[in-house]
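Here is a friendly walk through one protein model. Please have the sequence and the 3D view open as you read.

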Amino acid sequence: MSETQENYVEPETTALEEEGDIAADYLEELLDIADIDGDIDIEVRNNRTYLSVVTEGDESEDLRALVGKNGEVLDSLQELVRLSVLSATGNRSRLILDIAGHRANRANRLATMAKDAIARVQETGEDEHLPPLGAYERKLVHDLVAENGLYSESEGEGKDRHIVISVAESE
């Protein structure tokens, strides 16, 4: 293998890694200002950058304050981090920020809710309306529904936007 082949890195991956580094630097400064201890993990998967802020023991309570009620503070921080990446690179970011495992735990609860709804639709053949969800959460559920061979679509507007799961439409 030639030296240029050995050193070749996919351009998209490099951009996502740069995005992660910029976002991590921003978060480190924010944590320093707030005098909150936390470790930042960066992962690139499915063409998206994922940042997790974690800590051990009693200090995790400080991080939970950065999550807020129903993840509202976390959502705002995610937007600030995305804006810091936009400011530094000129490119919009789709990065996902998780603090103290909030999004990971929420994804697990969503998967359980979706699987229960999928089972009911498979058993009864009746449509199942889920509670309103944010865009990213809807995408997670849509993907799970598709993996199980059913059909889903989003209905409603704004905060009332929700998913309806039904038996796959016949072709």
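The sections below cover the overall layout, the nonpolar cores, a pair of strands and some salt bridges.

## Ground rules

This is a predicted model, in which local features need pLDDT of at least 70 and side-chain atom pairs count only at pLDDT 80 or more, while totals for chains, interfaces and linings use all residues. Residues are numbered from 1 along each chain as its sequence is written, and side-chain values use heavy atoms, with hydrogens and water left out.

## Overall layout

The chain has six helices and six strands; these are DSSP runs numbered from the N terminus, with helices being H or I of at least four residues and strands E of at least two. Starting at the N terminus, the order of elements is α-α-β-β-α-α-β-α-β-α-β-β.

Of the 171 residues in the chain, 33% are buried. Here buried means under 20% relative accessible area, exposed over 50%, and partly exposed in between (1.4 Å probe, protein chains only). The chain exposes about 11000 Å², with carbon and sulfur atoms supplying 45% of it; these areas come from the Shrake-Rupley method with a 1.4 Å probe, and for residues only the protein chains shown count as cover. Among contacts (heavy atoms within 4.5 Å) with a separation of 6 or more, 54% are between residues 24 or more positions apart.

## The nonpolar cores

In soluble globular proteins, nonpolar side chains tend to be buried together. A nonpolar core here is a set of buried Ala, Val, Leu, Ile, Met, Phe, Trp, Tyr and Cys residues joined through side-chain atoms within 4.5 Å. The largest one has 19 residues, and Leu 51, Val 53, Leu 97 and Ile 99 have the most contacts inside it. Two or more residues each come from helix 2 (11–34), strand 2 (48–54), helix 3 (60–67), helix 4 (72–89) and strand 3 (96–99). Helix 2 gives the largest share, five residues.

Beyond its neighbours within four places in sequence, Val 53 touches residues including Leu 27, Leu 31, Ile 40, Leu 63, Leu 97 and Ile 99. Apart from this core lies another, of 13 residues, among them Val 121, Leu 144, Val 145 and Leu 150.

## Strands 2 and 3

Strand 2 and strand 3 pair in the parallel sense over four bridges, where pairing requires at least two DSSP bridges between two strands. Ser 52 stands opposite Asp 98 in strand 3.

Which residues of strand 3 point one way, and which the other? Ile 96 and Asp 98 share one direction, Leu 97 and Ile 99 take the other, and all are buried. In a regular strand the side chains alternate between the two faces of the sheet.

## Salt bridges

The whole structure holds six salt bridges, each a side-chain nitrogen of Lys or Arg within 4 Å of a carboxyl oxygen of Asp or Glu. One of them joins Asp 75 and Arg 103 (2.9 Å, N to O). This pair links distant parts of the chain, with Asp 75 in helix 4 and Arg 103 in helix 5 (residues 102–124), 28 residues apart. Asp 75 is partly exposed at 37% relative accessible area, whereas Arg 103 is buried at 19%.

Glu 137 and Arg 106 also meet in a salt bridge (2.7 Å, N to O). Glu 137 lies in helix 6 (residues 135–147) and Arg 106 in helix 5, so the pair ties together parts 31 residues apart in sequence. Glu 128 forms another with Arg 120, the closest N and O atoms being 2.9 Å apart. Glu 128 counts as buried at 18% relative accessibility, while Arg 120 is partly exposed at 38%.
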